[in-house]
Amino acid sequence: MALLEPVPDDDGAPFWEYAARGELRVQCCVPCGEPRFPPRPCCPHCQSFAAEWRLTSGRGRIWSFVVPHPPLLPGYAELAPYNAVVVELLDAPRIRLVGNVVTGPDAPLNSVEPGRLRIGAAVRVVFSSVVPSGGGLRLPRWRLERA
Amino acid sequence: MPGLKDATAIAGIGQTAFAKKLPEPEKTLACRAITAALDDAGIAASEVDAFASYTMEETDEVEIAKSIGAGDVTFFSRVGYGGGGSCATLAHLAAAIATGQASVGVAWRSRKRGSGPRPWTDTAARLPTPAQWTRPFGVLRPADEIGMLARRYMHEYGATREHFFQVALACRNRANQNPAAMMHERPLTREMYMTSRWISEPLCLFDNCLETDGALACVIVSAERARDCRQPPVYLHSVAQGLPAQHHGMVNYWNDDPLTGPAWTAARQLWKTADFGPDDVDVAQIYDAFTALIPLSLEGYGFCGRGEGAAFTEGGALEIGGRLPLNTGGGGLSEAYVHGFNLINEGVRQLRGTSTAQVPGAATCLVTAGEGVPTSAVLLRS
């Protein structure tokens with residue numbers, strides 16, 4: 001079984017469009033400047049509906065991680081144990097993204113030995129090739145800065 | 001302002017057997033649990049005029065009401081977010097009865113989760129979580145979602161697997177005393193726990209709840225009516241629901257402080273309307289889909305300070321005779337996992353003095369619903 005692909009909703013669609021261009025952008029309020037994630041229609045701080053997508057450096061730190069083992073969906077079970085991480089962005093520490101630490105943009109989920117992961121470790125975003133289904137999406141993934 | 005404090009009471013409880021697989025369908029199991037609860041209370045089915053359950057419950061009011069022979073029903077309500085809704089079903093019925101919308105309420109949950117499919121295997125279902133941000137990366141199951149918070153909790157506060165083991169052990173010890181529990185004759189040792197297979201590191205097999213077929217129900221009436229029923233009344237002293245600001249469900253990774261969850265919100269409301277506080281709770285039934293939820297809930301409901309939940313579990317604190325006897329029927333970890341409804345019925349048994357692991361003289365009990373999702377809680381008193 002293939003791995004699951006993102007199913008963007010209306011609010012999330014711009015994130016995936018920028019990711020397809022290799023850009024990690026975060027939704028920000030125009031009047032008050034606060035970033036928010038996941039994307040949503042209006043700003044929870046000032047209720048403005050005016051938003052822009054701010055480019056980030058793509059650098060972050062591991063906030064937490066798990067190492068899933070079966071029972072899992074078949075495509076994931078084949079790769080288990082693999083890592084899944086939450087990464088906190090250096091540019092906006094309260095913006096956190098779920099992802100995987102891998103050795104390269106298209107390396108498998110289990111390409112990094114889980115024992116090498118530490119909370120606080122520095123990571124940098126890479127973007128996968130276009131996902132197999134042909135929807136044009138590319139996944140943000142993470143490489144250890146000290147590989 | 002007239003409130004709900006002690007205005008209503010649980011007059012009857014009922015349940016089916018708990019097993020990995022029961023032959024009867026969910027509707028039959030629901031009817032068995034509900035009729036048992038009405039019989040326990042000594043109230044005729046024809047008097048039932050209110051129902052409350054979970055949005056995930058697959059049996060419905062129409063089918064249940066006509067099967068058991070309910071009368072004209074004037075209040076019915078559903079609560080979302082899986083196990084977070086358990087205690088809210090009681091809260092909704094209490095509010096309905098206290099305001100005169102109905103007089104005899106039934107809350108129920110019937111679920112064949114033991115023999116049926118695991119919900120996370122349905123890849124088409126749009127869960128009430130932002131799945132596009134998590135599932136493609138292999139965060140597929142509640143164990144992965146909560147495991148992420150558990151690892152962070154261990155990192156921030158020095159919690160260890162030994163603490164999670166203390167939770168699993170307390171629940172298993174109580175199940176060993178409870179003939180109705182799925183794990184009645186299955187003791188747990190430290191070695192079994194420490195060498196068990198992983199589910200989602202840092203959570204192992206014994207950090208996860210059971211998978212159960214079973215049904216439970218309870219009957220709620222006014223306090224006045226309850227005093228004339230067959231069983232001693234167990235009063236709903238305080239009730240609360242909780243959806244914190246900027247909460248994201250089980251993937252609560254996106255706010256300023258992900259390790260304070262819905263328990264904190266529910267607790268503030270719960271204690272605000274109660275005549276007693278955490279130190280006065282004799283026994284607690286705390287939602288335990290995962291062991292790691294217990295330290296978080298102990299903090300949220302005010303039994304200890306921030307970051308102290310893991311240390312609280314040391315020294316037998318959760319055992320009978322300890323500072324806060326926990327999940328005395330065995331809980332979701334070792335009695336049955338029916339979205340927390342078994343915690344409600346066990347709370348009632350404690351205050352009737354009929355638990356298989358009775359806390360001597362127990363007069364107050366906290367029951368909580370799922371932590372890590374929009375939640376609810378009740379304070380019971382005898």
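Mentor: Happy to! The contact draws 32 residues from chain A and 27 residues from chain B. Keep in mind as you look that this is a predicted model; its scores are ipTM 0.97 and pTM 0.97. For chain B, the mean pLDDT is 96, with 98% of its residues at 70 or more.

Start on the side of chain A that touches chain B. The elements giving two or more residues to it are β3 (59–68), β4 (84–89) and β5 (96–99) of chain A. Of these, β3(A) provides the largest share, 6 residues.

To find the spot, look for P68(A), which stands opposite S200(B) in β5(B).

From there, turn to the nonpolar core. The largest one has 157 residues, and L90(B) and V219(B) are those with the most contacts inside it. Domain 1 (9–55) and domain 2 (57–147) of chain A both contribute residues to this core, so it lies between them. In general, nonpolar side chains tend to be buried together in soluble globular proteins.

Finally, zoom in on V219(B). Setting aside neighbours within four places in sequence, V219(B) is in contact with I10(B), A11(B), G12(B), A37(B), L38(B), A41(B), I43(B), V104(B) and V106(B).

Conventions:
Residues numbered from 1 in each chain as written. Chains lettered and ligands numbered in written order. Predicted model: local features only at pLDDT ≥ 70, side-chain atom pairs only at ≥ 80, totals over all residues. Contact = placed C-beta atoms within 7 Å. Helix = DSSP H or I, 4+ residues; strand = E, 2+ residues; numbered from the N terminus. Pairing = 2+ DSSP bridges. Core = buried A, V, L, I, M, F, W, Y, C linked by C-beta atoms within 7 Å. Buried ≥ 20, exposed ≤ 12 C-beta atoms within 10 Å, placed from the backbone. Domains from an automatic or database assignment. pLDDT = per-residue confidence, 0-100.
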